Amino acid sequence: MYTSHEIVQRIYKRLEEIGMSKTEFSQKSGVSFASLSQWNTGQRFPSLRNLNRVAECLNMSVEELTNGSQSTASNVQIVKEPEKAPQDVLAGLRDDQKVVVEEVIEYIRGFDGKQCHEFYNMLESVMKLSGNK
């Protein structure tokens with residue numbers, strides 16, 4: 001299980017590696033010092049949007065940010081599941097949850113295979129951070 005504290009430590013390490021100040025990082029990523037502090041102490045967990053922004057700002061993948069490593073083609077497994085119609089996927093959700101799922105679908109539309117894999121790994125890491133499996 002990955003903690004938000006570990007993610008913040010990776011952020012600080014990467015900032016040092018690339019010579020970027022915390023102020024510059026905050027301006028480029030849109031993530032405030034207060035947010036980093038809350039992540040570091042476990043008061044809050046980074047959102048998917050913020051994980052993506054941070055990874056992009058630091059020129060690393062979300063997987064590297066959350067796991068500390070980048071997967072290689074040799075350990076990537078693609079699991080095919082039965083296709084479900086969108087209405088079946090959304091059927092059991094509340095209206096506010098449906099809105100989020102629809103936004104995510106719109107966000108990932110057009111991703112190539114590598115981007116889909118990174119997005120999946122980011123979601124998996126966030127689920128682990130939040131205690132859901």
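**Entry 1. The chain as a whole**

I began with the accessible surface of the chain, which comes to about 9,200 Å², with 50% of it belonging to carbon and sulfur atoms. The areas come from the Shrake-Rupley method with a 1.4 Å probe, and for residues only the protein chains shown count as cover. I note that this is a predicted model, in which local features need pLDDT of at least 70, side-chain atom pairs count only at pLDDT 80 or more, and totals for chains, interfaces and linings use all residues. Residues are numbered from 1 along each chain as its sequence is written, and side-chain values use heavy atoms, with hydrogens and water left out.

I then looked up the secondary structure and found eight helices and zero strands. Along the sequence the pattern reads α-α-α-α-α-α-α-α. Helices (H or I, at least four residues) and strands (E, at least two) are DSSP runs, numbered from the N terminus.

Of the 133 residues in the chain, 26% are buried. Buried means under 20% relative accessible area, exposed over 50%, and partly exposed in between (1.4 Å probe, protein chains only). I also checked the contacts between residues at least 6 apart in sequence: 62% of them join residues at least 24 apart. Contact means heavy atoms within 4.5 Å.

**Entry 2**

I turned to helix packing. Two packed helices are described by the angle between their axes and the distance between the axes. Axes are lines fitted to C-alpha atoms, for helices over the stretch in contact, and angles run from 0 to 180 degrees between N-to-C directions.

Helix 1 (residues 4–18) packs with helix 3 (residues 33–41) at an angle of about 130 degrees, and their axes are 6 Å apart. Helix 1 is therefore oblique to helix 3. Angles under 35 degrees count as roughly parallel, over 145 as roughly antiparallel, 65 to 115 as roughly perpendicular and the rest as oblique. I listed the residues that make the contact: Ser4, His5, Val8, Gln9, Ile11 and Tyr12 from helix 1, with Leu36, Trp39 and Asn40 from helix 3. By class, these are five nonpolar, four polar and no charged residues. Ala, Val, Leu, Ile, Met, Phe, Trp, Tyr, Cys and Pro count as nonpolar, Asp, Glu, Lys and Arg as charged, and the others, Gly among them, as polar.

**Entry 3. Helix 2 and helix 4**

For helix 2 (residues 22–29) and helix 4 (residues 48–57) I recorded a packing angle of about 125 degrees and axes 9 Å apart. These two helices are therefore oblique to each other. On the residue level, Phe25, Lys28 and Ser29 of helix 2 meet Arg53, Val54 and Cys57 of helix 4. The contact of helix 2 with helix 4 comprises three nonpolar, one polar and two charged residues.

**Entry 4. Single residues**

I looked at Ser26, which lies in helix 2. Ser26 counts as buried because its relative accessibility is 17%. Leaving aside residues up to four places away in sequence, Ser26 touches Val31, Ser32 and Phe33. Its C-alpha atom is separated by 9.4 Å from that of Leu36, 10 residues apart along the chain.

In helix 4 I selected Asn52. With a relative accessible area of 22%, Asn52 is partly exposed. With residues up to four places away in sequence not counted, Asn52 touches Val62, Tyr107 and Met122. The C-alpha atoms of Asn52 and Glu63 are 9.9 Å apart, at 11 residues along the chain.

Asn59 is in the loop between helix 4 and helix 5 (62–67). I noted its phi near 55 degrees, a positive value in a residue other than glycine. Asn59 is exposed, with a relative accessible area of 63%.

Last, I looked up Gln115 in helix 8 (residues 113–129). Gln115 counts as partly exposed at 36% relative accessibility. From C-alpha to C-alpha, Gln115 and Ser61 are 9.5 Å apart in space, and they are 54 residues apart in sequence.
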